[in-house]
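Please read them with the coordinates open.

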Amino acid sequence: MTELVREISENDQLRADIYQLLAALLRRQPSEELLSFLADIEIETEAEDDNDMSSAWLALKAAATQYTQEQLEDEYFNIFFGVGRGEVLPYGSWFMTGSLMDKPLALLRQDLMQLGFAREEDVKEPEDHVAALCEVMGTLILEAPGYRQLAFYQRHIGSWVERFCDTLAQTPSAAFYVPVAQLAKAFFVIEANEFEQLSLDIPVNCPGSEAEKAAADETDKIEPSTNELAS
């Protein structure tokens, strides 16, 4: 059987890389290696490219040289853990419902199972942690068809992630994480536009769409499963 090789555009590779970078920055305080990478990153900007994304990259590049590991560890702890509770709760269910471990988390776990994602045994954070969701999106962009990316983003990320970025940027303990939040916000604004365009391009009866499911139910026709990630 011939194996299909999915071509990844330069834009999609960049999007996936940014998702993975944000995941690394939001999962724990940045390592020395990550700080070195950010400090040395080359940012191509021109006068007409003076936008939120370029400004955020430049601010993050500068911030990567300004803080010690001890300062970053303290900042991350205060923001996301704190004594009893952090200043920001980085969970989708919290931003969607005001509660933890709520219905959005149950739906997310169901969708992750259908997509073939398994939780690692040593991971203690719930699956709706913003870093985990960024990791999933980075993988979907490289491995899954567009309609699966769109469905996951709209259902589990798009409705709240910009509010999370605003909250993080305004958090009292945030210093290094201010440009992190600014970069994330600028990126997710672009992602929202990307997925809005994608939703207009996807046919109503594409595999996995609600229209197709309804038609299949009416005709009692069994269709092949499309729950696995495209390879």
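1. Helix 8 and helix 10 cross in a left-handed sense, a crossing being left-handed if the near helix is turned anticlockwise from the far one by less than a right angle, and right-handed if clockwise. The contact, meaning heavy atoms within 4.5 Å, is made by Gly146, Gln149, Leu150 and Tyr153 of helix 8 and by Phe188, Glu191, Ala192, Phe195, Leu198 and Ser199 of helix 10. These residues divide into six nonpolar, three polar and one charged, where Ala, Val, Leu, Ile, Met, Phe, Trp, Tyr, Cys and Pro count as nonpolar, Asp, Glu, Lys and Arg as charged, and the others, Gly among them, as polar. The axes of helix 8 (residues 146–156) and helix 10 (residues 177–201) come within 10 Å and cross at roughly 125°, which makes helix 8 oblique to helix 10. Axes here are lines fitted to C-alpha atoms, for helices over the stretch in contact, with angles running from 0 to 180 degrees between N-to-C directions; angles under 35 degrees count as roughly parallel, over 145 as roughly antiparallel, 65 to 115 as roughly perpendicular and the rest as oblique.

2. On the basis of these notes: this is a predicted model, in which local features need pLDDT of at least 70 and side-chain atom pairs count only at pLDDT 80 or more, while totals for chains, interfaces and linings use all residues. Residues are numbered from 1 along each chain as its sequence is written, and side-chain values use heavy atoms, with hydrogens and water left out.

3. On the overall make-up, the protein has 11 helices and zero strands, helices (H or I, at least four residues) and strands (E, at least two) being DSSP runs numbered from the N terminus. Of the 231 residues, 38% are buried, where buried means under 20% relative accessible area, exposed over 50%, and partly exposed in between (1.4 Å probe, protein chains only). Among contacts between residues at least 6 apart in sequence, 72% join residues at least 24 apart.

4. Helix 9 (residues 161–169) also packs on helix 10, at an angle of about 160° and with the axes 8 Å apart, and the two helices are therefore roughly antiparallel to each other. Their crossing is left-handed. Helix 9 contributes Val161, Glu162, Cys165, Asp166, Leu168 and Ala169 to the contact, and helix 10 contributes Tyr177, Val178, Ala181, Ala184, Lys185, Phe188, Val189 and Ala192. By class, this contact has 11 nonpolar, no polar and three charged residues.

5. Helix 7 packs against helix 8 at an angle of about 165°, with their axes 9 Å apart, which makes helix 7 roughly antiparallel to helix 8. Helix 7 passes helix 8 in a left-handed crossing. The contact is formed by Leu133, Val136, Met137, Leu140 and Ile141 of helix 7 together with Arg148, Gln149, Phe152, Tyr153 and His156 of helix 8, and by class it has seven nonpolar, two polar and one charged residues.

6. Glu127 deserves a look: it is placed in the loop between helix 6 (103–115) and helix 7 (130–143), yet counts as buried at 15% relative accessibility. The Glu127 side chain makes a polar contact of 2.8 Å with the side chain of Arg109, a polar contact being a pair of N or O atoms within 3.5 Å, of which, within protein, one must be able to donate a hydrogen and the other to accept it, and residues adjacent in sequence count only if both atoms are side-chain atoms. Beyond its neighbours within four places in sequence, Glu127 is in contact with Leu105, Leu108, Arg109, Leu112, Arg119, Ala132 and Leu133.

7. Ser93, in helix 5, counts as buried at 1% relative accessibility, and its side chain makes a polar contact with that of Asp128 (2.7 Å). Not counting residues up to four places away in sequence, Ser93 touches a group of residues including Gly98, Met101, Leu105 and Asp128.

8. Please check the backbone at Met101, where phi is near 55°, a positive value in a residue other than glycine. Most residues other than glycine have a negative phi. Met101 is found in the loop between helix 5 (92–97) and helix 6 and is exposed, with a relative accessible area of 53%.
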